[in-house]
Amino acid sequence: MTEPDRNSELAALSEEAHAFFTQKHAARERALRLSRAVGQQSANAIRSAHRHEFDEARALLEAARNAVAEMREVQETHPDVYYTGFVQDSQKEYVEAHATLAFITGTPLPRPENLGVAYPAYLNGLGEAIGEMRRFILDSLRQGDSSRCEELLDLMDRIHTELFTMDFPEAITGGLRRTTDAMRGILERTRGDLTAALGQRALEQRLAGLWERLEKRELD
């Protein structure tokens with residue numbers, strides 16, 4: 001029996017391993033680049049939505065949509081890279097931006113299949129949008145506009161309630177329980193802030209009315 005050529009065996013294995021890791025590294029770098037782009041575009045879209053620059057927000061989300069679609073190509077060839085976590089984090093930001101824009105503009109909420117993301121990323125992104133609704137409510141109160149605040153607080157409460165019913169292991173939901181726990185605190189703080197602001201505004205209006213009546217009596 002002829003002894004195997006160990007040098008040739010090891011050289012062939014080394015060459016194959018180098019080719020494997022080169023492809024894997026390229027896929028990871030591509031996924032990282034696309035994830036950063038999606039995260040940045042989504043964050044900018046949220047800022048534009050809060051500034052009521054809705055056309056700019058939509059353009060940014062369209063650019064992000066293309067990057068999300070390109071990331072799915074990584075999923076087909078290197079699913080282990082795709083599911084390492086950073087891709088899903090960027091998708092959560094992408095969903096959060098879409099949800100924020102939909103809630104502010106009063107337009108339909110895109111579904112997971114329309115955005116090209118799975119339910120774990122979608123539901124976590126939806127939960128994160130509660131924080132953006134708090135920001136919108138507080139900005140509105142500072143501007144003296146409370147017309148939509150109670151409507152949006154009710155929406156935040158409904159989102160939290162629905163997400164809380166997803167009683168499945170964290171490994172399946174992508175850490176959704178942690179998201180809902182964090183969002184509950186944001187929801188309760190917003191409820192307290194809005195209640196205080198509306199109470200103060202009602203008091204100010206009553207005092208203004210009283211002052212007006214007193215001035216009228218003096219004139220009479």
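Q: Before we start, what are the ground rules here?
A: It's a predicted model, so local features need pLDDT of at least 70 and side-chain atom pairs count only at pLDDT 80 or more, while totals for chains, interfaces and linings use all residues. Residues are numbered from 1 along each chain as its sequence is written, and side-chain values use heavy atoms, with hydrogens and water left out.

Q: What does Phe103 touch?
A: Not counting residues up to four places away in sequence, Phe103 touches Leu109, Leu126, Ala129, Met133, Arg148, Leu152, Leu155 and Ile159. Contact means heavy atoms within 4.5 Å.

Q: On to packing. At what angle do helix 1 and helix 2 pack?
A: About 160°, with their axes 8 Å apart. Axes are lines fitted to C-alpha atoms, for helices over the stretch in contact, and angles run from 0 to 180 degrees between N-to-C directions. Helix 1 and helix 2 are therefore roughly antiparallel to each other. For the labels, under 35 degrees is roughly parallel, over 145 roughly antiparallel, 65 to 115 roughly perpendicular, and the rest oblique.

Q: Is the crossing of helix 1 and helix 2 left-handed or right-handed?
A: The crossing of helix 1 and helix 2 is left-handed. That label applies if the near helix is turned anticlockwise from the far one by less than a right angle, and right-handed applies if clockwise.

Q: What's in that contact, by class?
A: The contact of helix 1 with helix 2 has 16 nonpolar, five polar and five charged residues. Ala, Val, Leu, Ile, Met, Phe, Trp, Tyr, Cys and Pro count as nonpolar, Asp, Glu, Lys and Arg as charged, and the others, Gly among them, as polar.

Q: What about the loop between those two helices, which residue there has a positive phi?
A: His52 sits in the loop between helix 1 and helix 2. His52 has a positive phi of about 65° although it is not a glycine. With a relative accessible area of 48%, His52 is partly exposed.

Q: And Ala49, buried or exposed?
A: Ala49, which lies in helix 1, is buried, at 1% relative accessible area. Leaving aside neighbours within four places in sequence, Ala49 is in contact with Phe54, Ala57, Leu101 and Ile104.

Q: How do the axes of helix 2 and helix 4 cross?
A: The axes of helix 2 and helix 4 come within 11 Å and cross at roughly 150°. That makes helix 2 roughly antiparallel to helix 4, and the crossing is left-handed.

Q: Which residues meet there?
A: Among those in helix 2 are Phe54, Leu61 and Met71, and helix 4 brings residues including Val87, Tyr94 and Thr105. By class, the contact of helix 2 with helix 4 has eleven nonpolar, four polar and two charged residues.

Q: And helix 1 against helix 6?
A: The axes of helix 1 and helix 6 come within 11 Å and cross at roughly 30°, so helix 1 and helix 6 are roughly parallel to each other. Their crossing is right-handed. Ile46, Arg47 and His50 of helix 1 make the contact with Glu132, Arg135 and Phe136 of helix 6.

Q: Last one, where's Ile130?
A: Ile130 is in helix 6 and is buried, with a relative accessible area of 1%. Leaving aside neighbours within four places in sequence, Ile130 is in contact with Met156, Ile159, His160, Met183 and Ile186.

Terms used: Helix = DSSP H or I, 4+ residues; strand = E, 2+ residues; numbered from the N terminus. Buried < 20%, exposed > 50% of the residue type's maximum accessible area, 1.4 Å probe, protein only.
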